[in-house]
Amino acid sequence: MRRKHDAVFYGGFVLPAVIVYTLFMIYPVAMSAGYSLTEWNGVTAKTFVGLGNYQELIADGDYWQVVRNTGQLIAYSLIFQVGAGLAIAYLLAKVMRGFRFFRSVIFIPVIISPVAIGLMFSLFYNSDTGPLNHLLDSLSLSSWKRQWLSDPHTVLKAVMAPQIWQYIGLYVVIFLAAIQQVPEELVESARMDGAGPFRTFFNVVMPQIWDVFQVCVILAVTGSLKSFDHAWVITSGGPGNASSFIALQMFKTAFISNQIGYGSAMTITILAYAALFTMLFKRICARLYN
């Protein structure tokens with residue numbers, strides 16, 4: 001009787017969270033999965049097509065272009081958000097004076113609206129009035145000037161740069177909190193044994209923050225798979241699909257072209273990529289440290 005009473009008591013606290021999660025996560029995903037099996041423009045009656053939308057995706061060159069673009073964003077995010085964020089956090093943990101100031105400055109971009117960041121960089125990249133080309137002129141580097149947002153060779157990296165930069169501070173703060181929890185005795189023992197900064201970091205600090213590192217990698221990958229705001233504000237994915245990502249392509253397909261079923265199929269692929277990566281990455285990590 002006591003256990004039943006406790007279950008009801010604790011269940012009362014969990015139930016609101018379960019309801020919210022179901023309404024705003026489980027239900028939309030289930031609806032998208034259902035829509036992905038239909039041909040529907042959002043107005044007329046749905047037509048069941050089975051896996052037809054997924055077969056069309058496999059043959060869609062535009063879809064695979066945005067997949068490649070998203071893959072590049074993932075790679076750069078892992079290098080500059082997770083990798084550089086970890087390095088900055090490790091160095092910042094050694095700072096004695098101005099620690100709070102530097103931590104706040106690094107984190108400020110994270111709390112700024114992505115739309116505001118996108119608008120700022122769209123002005124920054126403007127080939128006629130933007131400060132970037134003017135800066136290159138002043139440095140006698142006029143040959144480096146580009147039509148940054150209309151040149152297919154530069155637009156993707158130009159769009160990726162602001163979103164990668166904006167969230168570096170998030171990973172710095174996460175890693176910094178983890179590094180500060182590493183027992184100082186372990187670090188001092190490594191130094192007394194003659195370990196240098198690199199060996200101390202990789203042999204002492206890194207194993208202690210390994211779980212946090214895994215979480216940050218997963219956050220960076222899933223965040224890149226959901227990338228939308230910056231690209232939409234700066235270029236709307238153009239020219240063509242040169243700066244578009246899967247989530248942006250899904251939005252354009254579903255809500256601009258009114259292909260709800262086809263766009264929903266893209267949504268399910270985003271979920272599948274995220275789930276597949278998370279599962280494989282966790283298995284690899286488990287083998288490395290177990």
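Buried means under 20% relative accessible area, exposed over 50%, and partly exposed in between (1.4 Å probe, protein chains only). This is a predicted model, in which local features need pLDDT of at least 70, side-chain atom pairs count only at pLDDT 80 or more, and totals for chains, interfaces and linings use all residues. Residues are numbered from 1 along each chain as its sequence is written, and side-chain values use heavy atoms, with hydrogens and water left out.

Reader: Which residues of helix α6 are buried?
Author: Helices (H or I, at least four residues) are DSSP runs, numbered from the N terminus. Helix α6 spans residues 131-138, and its buried residues are Leu132, Asn133 and Leu136.

Reader: What do the buried residues of α6 pack against?
Author: Contact means heavy atoms within 4.5 Å. The buried residues of α6 pack against α5 (114-124).

Reader: Which residue meets lysine 145 in a salt bridge?
Author: A salt bridge is a side-chain nitrogen of Lys or Arg within 4 Å of a carboxyl oxygen of Asp or Glu. Lysine 145 is partly exposed at 32% relative accessibility. Its partner, at 3.1 Å from N to O, is aspartate 137.

Reader: In which helix do arginine 191 and glutamate 188 lie?
Author: Arginine 191 forms a salt bridge with glutamate 188. The two residues are three residues apart, about one turn of the helix, and both lie in α9.
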